[in-house]
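Hi,

Here is the structure I said I would pass on. Have a look at it first, and my notes follow below.

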Amino acid sequence: QVQLVESGGGLVQPGGSLRLSCAASGSISGINGMGWYHQAPGKQRELVATITSGGTTNYANSVKGRFTISRDNAKNTVYLQMNSLKPEDTAVYYCNVDVVTLYRGRWVSANYWGQGTQVTVSS
């Protein structure tokens, strides 16, 4: 069983920065892809950024050049550095990890979601 704990959200003025963290714990044999998504009220959850086990990153066009995703494999943690924040970035941010674990006698690749952390960009 895997749990993800997010932190780092808050209120920031336009142009400001925040750094989100997501730490995975539990029965983890390995972590493959990791990513961040966000969801505003009444909107669909959208992909923000992903990072592979090898460090390859991908970003939504709306955040390219402003956000940076990274990971610390020793800590089973993924980060999202958010710079030059805009009001349009306001949303709940969720981390997601794809882990390899032994569940009921077999190896499985399963993804887990964090609880979400609120990011509000407003003057």
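A definition to start with: I say that a charge sits over a ring if NZ of Lys or CZ of Arg is within 6 Å of the ring centre and within 35 degrees of the ring normal. By that rule, Arg45 lies over the face of Trp113, at 4.7 Å from the ring centre. The charged end of Arg19 does likewise with Tyr79, sitting over the ring at 4.1 Å from its centre.

Before the rest, some housekeeping. This is a predicted model, where local features need pLDDT of at least 70 and side-chain atom pairs count only at pLDDT 80 or more, while totals for chains, interfaces and linings use all residues. Residues are numbered from 1 along each chain as its sequence is written, and side-chain values use heavy atoms, with hydrogens and water left out.

Back to Trp113, which also takes part in an aromatic pair. The structure holds 1 such pair. Rings of Phe, Tyr and Trp (its six-membered ring) pair if their centres lie within 6.5 Å; planes under 30 degrees apart count as stacked, over 60 as edge-to-face and the rest as tilted. Here the rings belong to Tyr37 and Trp113, with centres 4.9 Å apart and planes at 65°, so the pair is edge-to-face. It links distant parts of the chain: Tyr37 is in strand β4 (residues 30–39) and Trp113 in strand β10 (residues 106–113), 76 residues apart. Strands are DSSP runs of E with at least two residues, numbered from the N terminus.

How accessible are the two rings' residues? I use buried for under 20% relative accessible area, exposed for over 50%, and partly exposed for in between (1.4 Å probe, protein chains only). Tyr37 counts as partly exposed at 22% relative accessibility, and Trp113 counts as partly exposed at 38%.

Now the sheet. Strands of a sheet pair through backbone hydrogen bonds, either parallel or antiparallel. Two strands pair, in my notes, if DSSP finds at least two bridges between them. An open sheet is formed by 4 strands in the order β1-β3-β8-β7, with antiparallel pairing. Its edge strands are β1 (2–7) and β7, each of which pairs on one side only. From one strand to the next, the twist averages 15° (axes are lines fitted to C-alpha atoms, for helices over the stretch in contact, and angles run from 0 to 180 degrees between N-to-C directions).

Going across that sheet:

- β1 and β3 are antiparallel and share 6 bridges; Gln3 has Ser25 in β3 as its bridge partner.
- Strand β3 (residues 18–26) and β8 run antiparallel, joined by 6 bridges; Cys22 is partnered by Val78 in β8.
- Strand β7 (residues 67–72) and β8 run antiparallel, also joined by 6 bridges; Thr68 stands opposite Gln81 in β8.

β7 and β8 form a hairpin with 4 residues between them, and Asn76 in the turn has a positive phi of about 50°. As for β8 itself, 5 of its 6 residues are buried, so this strand is largely enclosed by the rest of the structure.

Thr77 is buried, with a relative accessible area of 7%. A polar atom of the Thr77 side chain lies 2.9 Å from the backbone oxygen of Lys75. Contact means heavy atoms within 4.5 Å; leaving aside neighbours within four places in sequence, Thr77 is in contact with Cys22, Ala23, Met34, Ser70, Arg71 and Asp72.

Ala23, one of those contacts, is found in strand β3 and is partly exposed, with a relative accessible area of 32%. Beyond four places in sequence, Ala23 is in contact with Gln3, Leu4, Val5, Asn76 and Thr77.

β4 and strand β5 (residues 46–51) pair antiparallel over 5 bridges, with Met34 partnered by Ile51 in β5. There are 6 residues between β4 and β5, and Gly42 in the turn has a positive phi of about 75°. β5 then pairs antiparallel with strand β6 (residues 57–59) over 3 bridges, and that hairpin has 5 residues between its strands, with Gly55 in the turn at a positive phi of about 95°.

Cheers

Definitions and conventions
Polar contact = N/O pair within 3.5 Å; in protein donor to acceptor, adjacent residues only side chain to side chain.
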